[in-house]
Amino acid sequence: MVRAEAKRKKTHGNPSNTADETSKTSRVSDLTAELNEHVFQGRIFDARVTALKLKSLRNEQRDAAEVDVELISEVLDQADHVDQLLHDLHSDDGWTLAKESKGVTVHYRREAGTSIHTIRAQTQFHNFEPKDFTKLCSLFVETECMPKWFPGGVMKKADVLSWHSKYSKVIQLHISLDLLPFLSSRDAIVYGNGYHLPAQNAFLIRSKSTQEDTCRYCEVPKPAKGIVRMDTESIFFVQLLQKDVISFKMIGRDDLKLKYIPAPLLNHISQGHLPYELMRTVKRTIKNFEGSVWDKKMKERVDYYKEIEDKVHVQLEKWDKEGTNGASDRLGYGAKVSKKPVPSAKRSKSILLSVVVALVAIITIPLLFAHHRSMSLNDMVKFKSVTKLLENEHFRRIISSTLTLMLSLASMRKVIKLLSSNNTLYLNI
């Protein structure tokens, strides 16, 4: 109280100080409104510039209660993270080529503290129209519809818990592996953010799970009984390269919290079938877009998607004025992607990999028989229902070891086939 009175006397005693304080307060208010608008529109780098101005003002005016310190910190953290993501998307630093086929290139990267690899896949869509850029974005904007196109049918449901800005949501994903019914279902609480990047003619969509039970935007539901909360992070990058060419890149790392399936086998699957299936599914969905659920959603949100399409037309008009066909000869950010392929794995490495996979199979066989001895066929028949059987720990171990054996033998067969044909092997263990 005394301090407030002293401050009042000080400011009233000096008219210039009062005017100065009023000016700063107005400046804070204007910059805060500007920051909120940039955040709402997904302009993360513009938001960073404004956030730094607000941070500087707050340092000058320590008692500026109007400054949203939490928002400033969040914007600066997100901007730095997007910077890193753009580098990861465009640079070969730390990435190893896994496979290149049918216009799709897949890389992987080992991460500290985990045996699960991070995967990067990229392709280009040709003969596209400006509207197709918007259609591609709609696959990620319409979160509730993602299970309809997501490959493998593993995503059963996607609930939007909060849609707090134009391109930002909190989502609950529900995952179930139908081919492995003995595994519990999974879920994930995911922060989804979309960023408009004019300098790259692109949109970046980033989703990252959290294990925290609180959120500033909504209540976080606890996992239902029997549900395992998993970790996931995905980045989708949609970039206009030329008037009729769109680049589509993704980075992903999913930890399903699977105790009984070896990480090397999961990495092998994630670097092989899954990225190709995702790219094919996206292309197929865009090709059959007319009359689809996304087509209907775009018609419901006409202004929302028109704004995205207008940004594409602005870039096309700019290229017309420059007399260029597009930006395919430049990335507009970070390091250039190496035009040379990553050196092929040596034959000796392939032989070593085949030995490792064979050892996995050899080790698994006695485990499989050991589990079978602990539970006979007669023991299985005694269970009153399939559900009770699937809940039995011995039976789950039998299924897990059987699956591991099958995957190991299949991988070993592929190794032998590749070695005999002198092809390059990319089985990353």
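Helices H3 and H4 are oblique to each other, since angles under 35 degrees count as roughly parallel, over 145 as roughly antiparallel, 65 to 115 as roughly perpendicular and the rest as oblique. This is a predicted model, in which local features need pLDDT of at least 70, side-chain atom pairs count only at pLDDT 80 or more, and totals for chains, interfaces and linings use all residues. Residues are numbered from 1 along each chain as its sequence is written, and side-chain values use heavy atoms, with hydrogens and water left out.

**The H3 and H4 pair**

H3 covers residues 44–60 and H4 residues 69–90; their axes come within 9 Å and cross at roughly 140°. Axes are lines fitted to C-alpha atoms, for helices over the stretch in contact, and angles run from 0 to 180 degrees between N-to-C directions. The crossing is left-handed, meaning that the near helix is turned anticlockwise from the far one by less than a right angle. On the H3 side the contacts (heavy atoms within 4.5 Å) involve residues including Ile44, Phe45, Arg48 and Leu52. Their counterparts in H4 include Val69, Ile72, Leu76 and Asp83.

**Helix H5**

The twelve residues of H5 (residues 130–141) should span 16 Å at 1.5 Å a residue, and its end C-alpha atoms are 17 Å apart, which agrees. The expected span is 1.5 Å times one less than the number of residues. Eleven of the twelve residues are buried, so H5 is largely enclosed by the rest of the structure. Buried means under 20% relative accessible area, exposed over 50%, and partly exposed in between, with a 1.4 Å probe and protein chains only. Among the buried residues of H5 are Asp132, Lys135, Cys137 and Phe140.

Strand E5 (residues 168–175) has seven of its eight residues buried, so it is largely enclosed by the rest of the structure.

| Pair | Sense | Bridges | Example of opposite residues |
|---|---|---|---|
| E4 (residues 155–165) and E5 | antiparallel | seven bridges | Lys157 and His174 |

A hairpin joins E4 to E5 through two residues.

**The whole protein**

The protein has 14 helices and ten strands. Helices (H or I, at least four residues) and strands (E, at least two) are DSSP runs, numbered from the N terminus. Of its 429 residues, 45% count as buried. Residues 24 or more positions apart account for 65% of the contacts with a separation of 6 or more.

Notes
Pairing = 2+ DSSP bridges.
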